Each structure stands twice: as C-alpha cells, then as structure tokens.
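Hello,

Here is the structure I promised to pass on. Please open it, then read my notes below.

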Amino acid sequence: MPTQPAAPVDITATPAWKALSKHYAELQDQGISLKDWFAADPDRVAKLSFDTSDLHFDLSKNLVTDKTVELLLDLCRAAGVEERRDAMFAGEHINPTEDRAVFHTGLRRPADEKGKFIVDGADAVADVHEVLDKMYAFAERVRSGEWKGVTGKKIENVVSIGIGGSDLGPVMIYEALKANISGPACRFVSNIDPNDIAEKVKGLDPETTLMIVVSKTFTTLETITNAKMARWWLLDELRKAGAIAADGSQDADAIAKHFVAVSTNLELVADFGIDPVNAFGFWSWVGGRYSVDSAVGLALILAYGKETFQQLLAGFHAMDVYFQDTPLEENVIAIMAMINIWYNNFFEFETHAVLPYNQYLHRFAAYLQQLTMESNGKSVRWDGSPVTCGTGEIFWGEPGTNGQHAFYQLIHQGTKPVPADFIAFVNSANPIQCDGQDVHELFLGNFLAQTKALAFGKTADEVRAEGTEEWIVPARCFEGNRPTTSIFGKDLNAYSLGELIALYEHITFVEGVVWGIDSFDQWGVELGKQLAKQITPALHDDEALAAQDASTKALIEFYRANRK
C-alpha cells in the first residue's frame with residue numbers, strides 16, 4: 001500500500017491567500033472596468049502578452065491588474081509549484097495515492113537525453129525511443145503496403161478501439177490534422193453502446209481494415225467488449241465474402257493480420273489472438289489522459305507518418321522546456337493557471353469555455369474535459385484530508401462561429417460569467433476567396449470581435465445613439481468585463497498542436513498543486529464500474545434484481561417489460 005505523504009500546503013491559510021482576498025475585496029469596492037484599465041495603462045497589452053515558439057497569447061482582457069498578477073504568483077510560490085514541477089520533470093513519485101511517478105513529459109524528450117532520466121530503475125527515455133522506433137517501423141510497413149491483410153490486400157482503413165485517454169486524444173489530434181492525412185483513414189470506437197461500433201465499421205472492407213486495440217491492461221471492459229465485437233465482425237464478413245474458410249481454420253491468421261494492440265499485458269493480448277510482437281507498450285508513469293504521445297497515438301503515425309508525429313512530440317517538448325525554464329513572472333502557463341484560480345476561488349465562476357476558431361479543433365474541448373475535470377475534480381487532497389477551497393473548473397466549448405449562434409448569448413448577457421479561451425490561427429489550411437472576400441479573414445473578424453465585445457460591452461447611451469426605443473435599450477446593452485484569453489497561432493500543424501496540448505496539461509498541473517490535490521489519479525471513475533458489474537446480471541436474474549435499491553429495481557423492471 002502507498003505510504004501516506006506529507007500534507008500539502010493549506011493554501012487558504014497562507015499570507016498570499018489572505019493578501020489576494022484583501023485585493024479582491026478592494027477591486028470589488030473600486031469597481032472593475034476593463035475599459036478604464038485599458039485607458040489608464042497604454043502598456044497593458046504589452047505587459048500581458050506572451051509568446052512561445054508558435055503561439056501568441058493576449059491575457060489583457062482578463063480581470064487582473066499588475067497587482068493581481070503579482071499576488072497570484074506569490075500564491076503560486078506559496079503552494080510550492082516550482083518545486084513540485086521540478087519533481088514531476090525528474091520522474092519522482094508525485095502521484096501518491098497510486099505511488100507512481102508522473103513522467104509523461106518523458107514521452108517527448110529527444111533521443112540524445114537517453115541515460116539522463118532513471119525512472120523506477122529504468123532508463124525512461126531509452127525505453128520510450130525503443131517503442132517509438134518500433135511504432136515507426138510498423139507504421140511504415142503498413143503505409144508502404146508491405147504489411148498486408150489476410151488476403152494480400154493493402155491496409156486502407158484503421159479502426160482504433162479505446163476509451164477515455166486511449167480515445168479522446170487520438171481522435172482530437174486525428175481531426176485537428178485531417179487536412180494533411182497521408183496514410184490510411186482512421187475511425188475511432190470508444191462507447192460500449194453497440195451503435196458506436198456498428199456505425200464505425202459500416203462501409204469498411206474487412207480485407208483492407210486494421211484494428212488497433214488500445215488498453216494498457218487489456219482488461220478495460222468497454223475496450224475489450226468492443227474488440228470482441230470487432231473480431232466477430234471481421235471474421236464474419238471475411239467468411240461471408242469467401243475470403244477465409246467457413247470452418248474457422250483461417251481465423252487465427254486473419255486476426256493476426258488485422259489486429260494489433262497497445263498494451264503491456266502480452267498474455268491477454270496473445271489469448272485474444274494478437275501476436276505479442278505486434279503489441280506496443282507504455283508505462284505505469286503515463287496516465288491515460290496524458291498518453292496521446294505514447295503508443296496510444298499509433299493510429300496517428302499510421303495516418304500521418306513518422307515525421308508528423310515527431311513534429312507533434314517536438315511541440316510538446318518545446319512547451320515542456322518553456323514551462324520548466326521560464327521565470328514565473330514571464331511564464332504564460334503559470335499565469336494562465338493562476339488566473340483560473342483567481343476566477344474559480346475568488347470570483348467563484350464555475351465554468352470555463354474553450355472556443356477554438358478552427359473547425360479542425362472541434363474535438364478539442366471534449367479532450368480538455370477529461371484532461372482538466374478528471375485531473376482536478378477532487379474533494380480530498382493528496383494526503384487524504386478534505387480540500388480547503390473549491391477545486392476543478394467545468395470545461396466546455398464548441399468551435400466558433402457555431403457557438404456564436406448557440407450559447408454565446410449567455411456568455412455576453414447572462415447572469416453566470418464564463419471565462420473563455422479563444423483560439424485561432426493566422427493561416428488557414430483551406431484558403432478560399434468567395435465573391436471577392438477572403439473567407440478566413442471574415443472568420444478571424446468574428447474571433448477578434450467576440451473578445452472585444454465581451455471585454456468592453458456596449459453602454460445604454462451607445463444603444464440610444466442608434467435610435468433604439470427606450471424600453472428596448474436594456475435588452476441591447478452589454479455590460480462588458482467578461483474575461484477572455486486570446487491564443488493566436490501562426491498555423492495549425494503538428495508542432496503548434498503539441499504546444500497547445502502541453503499548455504493545458506501544465507495549466508492543469510499548476511492548479512492541482514495550488515489546491516493540494518493529486519491530479520494524476522482518478523478514483524472517482526471506479527465506483528460506477530464496480531456497480532455496473534453488480535447490476536448488469538439483474539437485467540435478467542431475479543435474485544440479483546431483488547438486491548437492488550428501489551429506484552434501480554424499478555428501472556430494470558421497466559427495461560424487462562419493454563425489451564424486444
């Protein structure tokens with residue numbers, strides 16, 4: 001059993017927290033006005049703008065002053081963020097409830113750092129590159145046509161089967177880089193609902209389809225159930241087409257040619273019918289939601305090739321280096337994280353929107369939901385004691401401009417302020433001129449207009465000046481002072497996407513340290529899994545049904561009465 005660690009700092013008992021509380025009260029008394037703050041400080045934008053390799057950040061439309069940022073960074077230091085950051089990068093066991101190292105940053109360290117990081121007694125970087133080389137070699141065999149299906153045909157489609165961190169990351173990146181796909185098309189199955197896999201295999205030719213089963217333990221209920229359904233589909237379709245013998249004598253060959261695994265449980269991999277040679281592993285120090293740049297991303301290498309995946313890793317690593325080496329006063333990661341703390345714990349804003357103005361990032365908010373809420377949705381600290389302040393933000397979002405015609409009304413004029421990150425890129429993968437209009441510029445005009453409107457609003461006098469009837473004036477006013485962060489990239493490519501993902505990984509980490517919680521476990525997902533195993537038999541077994549609570553029993557009885 002893990003040893004109980006030392007208690008984290010009670011951040012609410014620190015002088016830094018008390019100073020921030022006093023500062024917050026003073027701002028409320030004085031009145032917060034972004035319009036006035038901009039007018040009073042011509043250097044505000046410059047002081048609150050930052051650049052990493054490929055990304056530009058404008059934090060000036062946030063509800064902070066110079067004093068706020070100073071006090072927030074004092075709080076960051078009081079929580080010991082710098083020390084815990086360095087411990088993470090060194091591969092120390094900072095996941096106490098599971099007694100594990102947290103070394104996902106090692107997944108993107110360059111090969112010339114072999115021998116520098118010994119994690120759990122092994123050369124972590126050397127191990128990573130051994131698996132990477134194996135993945136690259138396998139992907140090249142598939143992409144070149146050297147690897148063939150059981151009937152000798154080239155692989156044209158890949159179905160990746162996983163759930164949670166084994167699915168959300170690969171799906172998001174696959175969609176984000178889709179403009180540049182150069183290998184097999186990929187589909188992703190995660191939901192145990194049979195409708196998911198039924199739709200994902202629809203229209204596929206089993207002779208040209210490769211399945212990737214992504215489960216570290218090869219015991220994840222949803223993933224293995226979906227893998228079994230995929231195996232049944234593949235064999236059944238091949239038999240019906242006469243591609244393999246109906247007597248099952250060629251089943252093993254078909255599975256070996258059409259299934260590979262991302263797992264460390266080679267015994268169960270082999271029991272399934274997959275050749276363990278075609279299994280790609282990762283390590284206990286890689287959490288699922290931090291694993292997309294491990295073997296979990298195998299489908300991405302198949303679709304985009306070695307060079308693109310290496311650029312993705314390089315973008316991750318560039319942001320890692322920036323986070324570790326940049327002083328807090330200039331560190332946009334630390335400042336963004338602490339501004340989130342400011343909103344969550346002082347303003348008591350409950351949600352956080354992420355609004356990418358790029359359709360290729362339409363799965364980015366869903367990816368961040370797991371990263372942030374599974375990491376920091378905790379009510380106890382890393383020593384098992386209760387938290388002393390609110391934790392976790394509710395992340396959500398959709399791409400612009402779709403969101404403008406859906407939920408932006410609430411963000412602009414609702415009673416629940418929503419801090420928002422707006423993300424856009426200078427250049428489009430698909431530049432189009434329509435009726436003399438650069439459509440991407442029209443798109444970016446919306447990106448820029450929204451943050452301006454949210455920050456500065458529209459006064460009653462401005463509305464009246466437009467000739468609006470007096471009784472309608474209140475409905476057309478915008479109070480402003482709705483906080484936003486603008487993240488502007490040059491191009492959406494593998495490198496900038498790696499930067500963007502690592503940015504949010506580290507923001508999540510900083511917040512967790514301040515709150516004193518273990519951002520790297522996820523015990524909250526376990527109870528539902530355990531109960532599902534107990535309840536499922538009750539759908540058809542009377543004795544199991546009798547053991548259920550009244551509500552569950554009634555729902556199961558409804559199911560029984562209406563099941564066709």
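Which residues does F364 touch, not counting residues up to four places away in sequence? They are M172, V354, I423, L500, I501 and Y504. Contact here means heavy atoms within 4.5 Å.

Some ground rules. This is a predicted model, where local features need pLDDT of at least 70, side-chain atom pairs count only at pLDDT 80 or more, and totals for chains, interfaces and linings use all residues. Residues are numbered from 1 along each chain as its sequence is written, and side-chain values use heavy atoms, with hydrogens and water left out.

Next, the cores. A nonpolar core is a set of buried Ala, Val, Leu, Ile, Met, Phe, Trp, Tyr and Cys residues joined through side-chain atoms within 4.5 Å. Buried means under 20% relative accessible area (1.4 Å probe, protein chains only). The largest core has 127 residues, and W285, F364, L497, L503 and Y504 touch the most other members. A second, separate core has 26 residues, including L204 and V269.

Now a helix pair. Helices are DSSP runs (H or I, at least four residues), numbered from the N terminus. The axes of α7 (residues 168-176) and α15 (residues 364-376) come within 9 Å and cross at roughly 155 degrees. Axes are lines fitted to C-alpha atoms over the stretch in contact, and angles run from 0 to 180 degrees between N-to-C directions. The two helices are therefore roughly antiparallel (angles over 145 degrees). From α7, L168, G169 and M172 meet F364, A366, Y367 and Q370 of α15.

Best wishes

Technical notes
Parallel < 35°, antiparallel > 145°, perpendicular 65-115°, else oblique. Buried < 20%, exposed > 50% of the residue type's maximum accessible area, 1.4 Å probe, protein only.
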